[in-house]
Amino acid sequence: MLFLKDGIIYLQIYEYYKKEIIKGTYVAHSKLPSKRRLSNEYQISLTSVENAYAKLLEEGFIYAKERKGYFVSDVGELYVLENKQHTFQKETSDIRYDFSYTGVSDEGFPHKIFRKFSNLILEDNDLLEQVDYQGYFPLRMQIADYLNRSRGFQTSPSRIIISSGSEYLFQIIFKLVEGTYAIEDPGYHMLRNIMDANEIRYECIPLDEFGMSIDALQNSSANICALTPAHQFPTGIIMNMKRRSEILNCSQIDFVIEDDYDSEFKYSNRPVPALKSIDYPDKVIYMGSFSKSISPSMRVSYMVLPESLLENYHQMFHCFVCPVSIIIQKILTEFLESGEFEKHLNRMRKIYSKKRQLIVDLLKDCPDIKITGADAGLHVVLQYPKYFTEKDIVAEALKQKIAVYGLESYGKKQEYPSILLGFATLTNEEITEGISLLKAISYHSTVPSP
């Protein structure tokens, strides 16, 4: 029997009849009380009953017969799911200061702007349209324009492919370009992992002060090389023009993959033009992402293919579906087209520049700790004297609930023990507290006796 309590009346009527219909109390095709009868019996407004019946009708639990009333549907034809509330406990960590290079700062993020664009997109009548397998064409147009203005090279939307993260772009590249890959050492964990998972042949090429060693590259069997020339990860080296030209002119290299992962954030001068900007042979596969410039949770990356690879790409992937939600692609298109992206980059560049400078200032009284790499990106590298070990620095930091990352975990053993400090996700106060604890560790752990 229906019992009404304080609260929203029509929802109580709806929930009661839905539950009883599912249980079988009201069998299929049996008649429900009329709206007026239910209204009079419970002394409630006719509108409340109409709203409850309308909701049941919309969801298919009842059907109407003209001049006869409302009848129970056969629920065997409906999806009836039992709603359960699940509780979960978020994993906790003892780490208080995580100097991870992943993530971005919440400070300065344009929440209101994204909320506005989201609402506009969700009202769009074309929301259910099928997206081109290369990605939403207006977004590719905006990306092409952005690359022309900010990265120093011109391209067309027809050469741009949008995907959900650089891992997926590499899966495409592996199908298009066969051979042996040269990768930076030290370099990204992810790249080695996906190459191993796909059984791709690769050689780890050491770095010198200008980036990937040209001598080591020429002595390798590689015909493709993957680089982060604008801000090498993790060392922070910016590849100079001479080395860029040498790699592009290296006859054994058929294609160069340029990962331009955080090029927007250079603080002392203008951003360095992309390697692609001097790619006269058209052998550079340029890869970019919005993970550092906006948010990694958007999962939007893109690449620009050389003309010579386009035909094979279309033949192999024309039946695939772009893995990025059309909603996200349309929001991002509005963000770029409106000029808000440029404002956001300038705002975040100031925020990150201050965070990086804070780390530099805090370490000025530590003469034997050297900050290496360029004045760019969202991480710094601290180089310690040889009597330290990365393992000890990382372990001692963990005892103080600080997470730092040794460069040896990204590749070969370093001449000097070095650790990577990401700063994007930490507040200025957290950076100050974390660095203060790290300095104490540095001078009281493994320093030799005089």
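How many of the 6 residues of strand β10 (residues 284-289) are buried? In this predicted model, the strand is mostly covered, and the count is 6 of 6. Burial extends to both faces of β10. On one side lie Val 284, Tyr 286 and Gly 288, and on the other Ile 285, Met 287 and Ser 289, all of them buried.

Strand β10 pairs with β9 and with β11. Strand β9 (residues 255-259) runs parallel to β10 and is joined to it by 4 bridges. Within this pairing, Glu 258 has Tyr 286 of β10 as its bridge partner; Tyr 286 also belongs to the face of β10 that carries Val 284 and Gly 288. The pairing of β10 with strand β11 (residues 301-304) is antiparallel and likewise comprises 4 bridges.

A second salt bridge, between the side chains of Arg 159 and Glu 307, has an N to O distance of 3.9 Å. Arg 159 is located in the loop between α5 (137-150) and β4 (160-163), whereas Glu 307 is in helix α10 (residues 307-317), so the contact ties together parts 148 residues apart in sequence. The two partners fall into separate accessibility classes: Arg 159, at 14% relative accessibility, is buried because its value is under 20%, while Glu 307, at 47%, counts as partly exposed.

Arg 356 and Asp 375 form another salt bridge, at 3.4 Å from N to O. This pair links distant parts of the chain, with Arg 356 in helix α12 (residues 340-362) and Asp 375 in the loop between β12 (370-372) and β13 (379-383), 19 residues apart. Arg 356 is buried, with a relative accessible area of 8%, and Asp 375 is partly exposed at 28% relative accessibility. Elsewhere, salt bridges with shared partners connect Arg 159, Lys 276, Asp 279, Asp 282 and Glu 307 in one network.

Notes
Residues numbered from 1 in each chain as written. Predicted model: local features only at pLDDT ≥ 70, side-chain atom pairs only at ≥ 80, totals over all residues. Heavy atoms only, no water. Salt bridge = Lys/Arg side-chain N within 4 Å of Asp/Glu carboxyl O. Helix = DSSP H or I, 4+ residues; strand = E, 2+ residues; numbered from the N terminus. Buried < 20%, exposed > 50% of the residue type's maximum accessible area, 1.4 Å probe, protein only. Pairing = 2+ DSSP bridges.
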